[in-house]
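Dear colleague,

Please find below the structure that I am handing over to you. My notes on what was found in it follow directly after.

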Amino acid sequence: MQTEYISAFDVVIGVLWRFWPVWVALILVMGTSFTYKKRLGLYGQLFDSGVGIAGVFICLFWLFTAIFASTISPFDPLAQVSVMKDTLPGAVEPASKLVYYFGGDKLARDVFSRMVYGSQIVLIIAPAATGFALMVGITLGLPAGYYGGKIDTLLSFLANLVLAFPVILLFYLLVTPGIMDTPIPYAMAGLFFLFPIIFFCVLFWTRYKNRLDRLYILLGITLVVGGWIYAGLVFDRDPLHIVHIDPNQLNIFVAVVFASSPGVFRIVRGLTMDIKTRDYVAAAQTRGESPWYIMLWEILPNARGPLIVDACLRIGYTTILLGTLGYFGLGLAPESPDWGTAIKDASRLLRSFIHPALPPTIALMSFVLGLNLLADSLREQSMKD
């Protein structure tokens with residue numbers, strides 16, 4: 001049976017129409033941000049430059065794509081229709097009359113739907129893993145830079161030990177399938193996922209230790225929510241079945257946190273060593289504030305600019321790294337729609353069919369570009385501050 005095709009113009013219009021929930025969300029968010037940008041602090045300042053606007057637009061586009069993936073995608077990313085194998089863009093699926101806008105891959109899956117669902121995997125793992133790496137790096141970097149001495153020597157040695165190991169080889173060792181048969185990933189996850197709980201408990205304790213009514217409420221919320229997320233991520237024992245992560249994703253998650261934390265640690269340590277010499281830190285010490293109060297409420301807020309910029313760049317780096325791991329077939333399942341795996345699958349038939357490789361490649365490139373533009377704009381604003 002001969003496959004029907006629609007015109008290139010209809011493909012473009014159809015793709016734009018499939019993204020209608022993204023356009024609606026972008027109009028609402030961008031419009032509101034422009035209107036109230038003077039009240040939105042650092043985020044509002046991003047709209048003072050074209051680079052910042054472009055970065056926010058691209059990042060929000062992929063964020064809303066991940067959120068509305070089930071509405072945007074016409075097909076299940078794993079569904080196979082044999083007659084659609086290696087079809088060109090614009091092919092019409094005979095049974096449903098829905099269109100394979102970007103064509104079909106070698107397993108007869110819709111390339112467009114897989115690209116859309118791939119954004120969910122990237123936007124879950126990369127920002128979350130970067131956030132945990134920030135928690136680990138901040139929690140260890142602050143005391144190392146503030147106290148110095150033996151604490152600094154020990155923590156710096158451990159960080160340099162990890163950084164001295166080749167990154168690609170380190171990830172290869174941490175995400176190979178056989179590692180999941182050992183307790184190593186779960187032990188590392190159990191350790192790293194404690195840091196956010198410890199961080200927020202110490203944060204609230206140093207701020208509200210003289211206001212016990214508020215302190216008990218905040219500590220209770222931190223322990224309940226943190227324990228709930230911890231149980232779901234590490235032990236897969238969430239009683240509400242909301243927090244869950246696949247073993248392969250947990251493996252990659254832990255590897256990213258382990259490899260990224262030393263870099264964050266060195267940045268936080270350096271910033272702390274510089275900021276602790278400022279006059280407002282000396283004033284806090286004169287008032288009799290505790291060291292952890294000074295670190296969390298005097299030093300850390302004044303280091304937020306470089307840390308935010310580093311976080312944006314680190315998310316982009318992690319996104320590329322996930323794509324690289326997927327390209328080598330490591331970590332995620334072979335049928336995963338993540339962009340790296342999609343590029344790997346398509347690269348084997350580039351001489352015959354190039355169209356399955358282009359959408360995930362452009363998606364990966366555009367998301368990293370948006371993060372870099374966002375980081376550039378944030379760097380400019382932090383320098384002004």
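How many bridges join strand β2 to β3? Two bridges connect β2 (residues 91-92) with β3, and these strands run antiparallel. Helices (H or I, at least four residues) and strands (E, at least two) are taken as DSSP runs numbered from the N terminus, and two strands are paired if DSSP finds at least two bridges between them.

This is a predicted model, in which local features need pLDDT of at least 70 and side-chain atom pairs count only at pLDDT 80 or more, while totals for chains, interfaces and linings use all residues. Residues are numbered from 1 along each chain as its sequence is written, and side-chain values use heavy atoms, with hydrogens and water left out.

**Sheet.** The open sheet is formed by three strands in the order β1-β2-β3, with antiparallel pairing. Because β1 (4-5) and β3 (99-100) stand at the edges with a single partner strand each, one side of each has no neighbour in the sheet. Valine 92 is placed opposite valine 99 of β3.

**Backbone.** Most residues other than glycine have a negative phi. Aspartate 86, in the loop between α5 (69-72) and β2, has a positive phi near 55°. At 16% relative accessibility, aspartate 86 counts as buried (under 20% relative accessible area, with exposed meaning over 50% and partly exposed in between; 1.4 Å probe, protein chains only). Alanine 108 also has a positive phi, near 65°, and lies in the loop between β3 and α6 (111-147). This alanine 108 is buried, with 3% relative accessibility.

**Core.** A nonpolar core is a set of buried Ala, Val, Leu, Ile, Met, Phe, Trp, Tyr and Cys residues joined through side-chain atoms within 4.5 Å. The largest one has 102 residues, of which Phe19, Trp62 and Phe193 touch the most other members. Helix α6 supplies the largest share of this core, 17 residues. Leaving aside residues up to four places away in sequence, tryptophan 62 is in contact (heavy atoms within 4.5 Å) with Met115, Ser119, Leu123, Trp339, Ala363, Ser366 and Phe367.

**Cysteines.** A search of the whole structure for disulfides (pairs of cysteine sulfur atoms within 2.5 Å) finds zero. Cysteine 312 is in no disulfide, and its nearest cysteine sulfur, belonging to cysteine 59, is 7.1 Å away. Cysteine 312 is buried at a relative accessible area of 9%; cysteine 201 is buried as well, at 18%.

Yours sincerely
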